[in-house]
Amino acid sequence: MNISCSAAKEILDIPLEGRAIIAGYWSPKYGLSSQPTIVQWRASQLSSLTPLSNTENPDLDLFHWESYYLQPGWIDCHVHLALDSLDFYQCLKNWENPSLIQKNIQVYLQNYLRLGIVAIRDGGDLPGYSWLARNNVREGTWLGPRVISVREAVNRKGMYGRFLGRGFAGISDWHRELIDFYGQGLDQLKVIVSGLIRFDNFKVVGPTQWTVAELSEIVQTAHQRGISVMAHASGEDGISTAIAARVDSIEHGYYMTAEHLNQMKEYGIAWIPTVAPIGNILKYPTDRYSSFEIDTLRRILETQLTMIYEAYKRKVRIGVGTDAGAYLVPHGESLFDEMDWLVQAGIPKLDVYSMATQENAGIVRQKDLGRLEIGTPMNLLQLTKGNVSLERNRI
Ligand SMILES: [Zn+2]
């Protein structure tokens, strides 16, 4: 079996049963312990954590992890494995070459694990590459983090999201096809509610694709099946529609308002603010955009960070998701950018850590993730350099 060692950017092969000495551990539940500890595991699960005593002989069949801390593995709540972070249009052309895409995805998956990211939620692609990855990891054919996949998104035909889903002409079209749609398999339902934001026009967002009544019907079909709904929504209208239809999470949510936050708090709707796709363009200078666009991006970034801190103060659920696969948002490394952005918004680092573990586990609805306790599978934990994992992890 494996454990992610993000401290050394390695995936360690460990026996199903063993003991190790560690520098300490951290979890949202137990906080930080900086006392040298003996960790034991049996049948691939954590079985005990005991402070190192003087009588213990630390050389006896122990793994020497004394410079590492043990903590829950990270979760990235919003990625697109089928996108390459380099060139969107070229990448869509490459989709015609499945072996190339599958090779790329396997590299991304291993990278996630090397960086301590043990689960990712994929926001979909029309050909179903992320669904394939999900199944291959599950079956053990590919090495990678657990993939929670929407498989294919629900979008309106002729509107934004052509590469994410087949497109439905209207709500009756959806009702006609939904048996087939759910029959393909999916872990969560992703609905495209609004279009894209514009880098050259502050506050302008592509049109809303569904009425509240239509979107509510779509959401209900998922909830009846016990499936959560993630909504791609930005702008006053798009976000209001998603909230009114009681989706489970708002993805991106640019131009969020204080009133939206109050409603999300009331209904328990989570926000995954994906700062990296905007922020990274400013953080890693590129000549792809005009100075006017850069100015607009700066305004969008500032607005987003301000609202994120508002959300934090109001105790709205905040998830950490990167939109990895988008331009300058590389698979794996960008989770550290995203956490960094949340810290820059004003959220204390350990609270950001809790969001990227415990809160994200709730959002992806996987009970065994985001925690460190007796019984936790070792491959869902990671070894870090202690309390410094927010340092640049770019390779
Ligand atoms: Zn997405």
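Predicted model: local features only at pLDDT ≥ 70, side-chain atom pairs only at ≥ 80, totals over all residues.
A word on ground rules: local features need pLDDT of at least 70, side-chain atom pairs count only at pLDDT 80 or more, totals for chains, interfaces and linings use all residues, and side-chain values use heavy atoms, with hydrogens and water left out.

UniProt, in an unreviewed entry, puts "domain: Amidohydrolase-related" at residues 70-380; such annotations may be inferred rather than shown by experiment. Over that stretch the chain is 44% helix and 14% strand, with the end C-alpha atoms 11 Å apart. Helices (H or I, at least four residues) and strands (E, at least two) are DSSP runs, numbered from the N terminus.

Now for the sheet. Four strands make up an open, parallel sheet, ordered β11-β14-β15-β16, where pairing requires at least two DSSP bridges between two strands. β11 (189-192) and β16 (270-272) sit at the edges with a single partner strand each, so one side of each lacks a neighbour in the sheet. From one strand to the next the twist averages 25 degrees. Angles run from 0 to 180 degrees between N-to-C directions, using axes fitted to C-alpha atoms (for helices, over the stretch in contact). Helix α5 (residues 212-224) packs on this sheet, touching β11 and β14 (229-233), and its direction makes about 170 degrees with that of β11; contact means heavy atoms within 4.5 Å.

Four bridges link β11 and β14, with Ile192 opposite His232. Along β11, Leu189 and Val191 point one way while Lys190 and Ile192 point the other, and all are buried.

Arg166 lies in the loop between β10 (146-149) and α4 (171-183) and is partly exposed, at 25% relative accessible area. Its side chain makes polar contacts with those of Glu177, at 2.9 Å, and Asp180, at 3.1 Å. A polar contact is a pair of N or O atoms within 3.5 Å; within protein, one must be able to donate a hydrogen and the other to accept it, and residues adjacent in sequence count only if both atoms are side-chain atoms.

Technical notes: Residues numbered from 1 in each chain as written. Buried < 20%, exposed > 50% of the residue type's maximum accessible area, 1.4 Å probe, protein only.
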